[in-house]
Amino acid sequence: MNDPIPVLRAVDGGTARLLPDVDRARAWLLTLDGSPQSYVDLDDPLHLEFEYARRLAHTVDCAAEEGEPLDVLHLGGGGLSLPRWIAAVRPGSRQAVAEWDGPLNELVADVLPLPPGSGVTVHTADARAHLESRSSESADAVVADVFGGARVPARVTSVEYAREVRRVLRPHGVYAANLADGAPFAFLRSQLATFAAVFPELALIAEPSVLRGRRFGNAVLVASRAPLDTAALARRAAADAFPARVEHGPALRRLTGDARPVFDEEATDSPEPPGGAFSLG
């Protein structure tokens with residue numbers, strides 16, 4: 001059998017590349033304009049290569065009893081790594097994905113097709129617009145992994161957006177968002193203040209080096225109306241190959257400091273990563 005070769009395609013968001021992993025027979029890295037977006041192993045949907053994806057998975061998995069099917073809304077799709085993982089871990093789950101880039105969706109469907117009966121439906125739609133179209137209290141989890149290039153778009157960072165997330169979630173539901181920032185954390189702190197204005201329960205999952213301001217990196221914001229099982233989250237995050245901390249309560253309020261909630265009219269994209277922090281050499 002011939003070795004797989006890279007796939008290059010122009011999509012609405014730039015140039016997408018699917019790069020085969022030489023160490024795993026049917027695994028692919030998806031990049032967009034050089035920035036890693038997703039990693040998919042077609043033979044092993046439980047393999048989540050990126051640490052932030054594992055932290056999103058931990059959050060969703062701690063939201064309900066083990067194996068219980070969930071209704072999940074994904075804002076941002078990429079290669080559909082997390083929907084594949086949830087379909088494998090929680091069979092019978094119903095998942096909707098809103099990914100605005102139609103040609104990217106076609107590329108993923110062509111090269112990285114979902115398994116039959118996955119329960120995953122992909123919509124070519126803007127994340128915020130699709131969220132606003134959803135029925136109230138229709139999701140157990142909303143997962144946001146929305147990036148324009150390497151930046152989180154302003155339209156998914158405001159109080160108005162957070163209120164829509166709260167409307168769509170069931171009372172026990174959980175929100176998890178992949179964010180990116182570095183010291184002095186103006187963007188991250190504003191997001192904590194924004195979601196604290198809408199949700200009574202918050203947590204943040206990130207590597208200690210990021211939280212200490214030593215480098216720019218990912219942080220997963222978690223929000224809910226119901227109490228969060230931060231102890232379970234902390235155990236899982238600490239056991240990963242790159243251990244992370246779970247901040248909540250007073251420590252999280254100290255990190256938030258005097259940051260103010262952000263509304264639509266003043267919302268901005270997350271900062272540009274310094275020096276191509278998320279780019280491949």
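Let me start with α5: its buried residues (under 20% relative accessible area, 1.4 Å probe, protein chains only) pack against β5 (71-75), α4 (127-133), β8 (139-144), β9 (169-181) and α6 (186-196). Contact here means heavy atoms within 4.5 Å. Helices (H or I, at least four residues) and strands (E, at least two) are DSSP runs, numbered from the N terminus.

This is a predicted model: local features need pLDDT of at least 70, side-chain atom pairs count only at pLDDT 80 or more, and totals for chains, interfaces and linings use all residues. Residues are numbered from 1 along each chain as its sequence is written, and side-chain values use heavy atoms, with hydrogens and water left out.

Back to α5, residues 159-168. Its buried residues are V159, Y161, A162, E164, V165 and V168.

Now salt bridges (a side-chain nitrogen of Lys or Arg within 4 Å of a carboxyl oxygen of Asp or Glu). The structure holds 20. R24 pairs with D41, closest N and O atoms 2.7 Å apart. R24 sits in the loop between β2 (14-20) and β3 (27-32), D41 in strand β4, 17 residues apart. D41 is buried at 7% relative accessibility.

Next, R155 and D126 form a salt bridge, 2.6 Å from N to O. R155 lies in the loop between β8 and α5, and D126 in the loop between β7 (120-123) and α4, so the pair ties together parts 29 residues apart in sequence.

Third, R215 bridges to E207 at 2.9 Å, N to O. E207 is buried, at 16% relative accessible area. Finally, salt bridges with shared partners join D71, R94, D140 and R170 into one network.

Methods:
Buried < 20%, exposed > 50% of the residue type's maximum accessible area, 1.4 Å probe, protein only.
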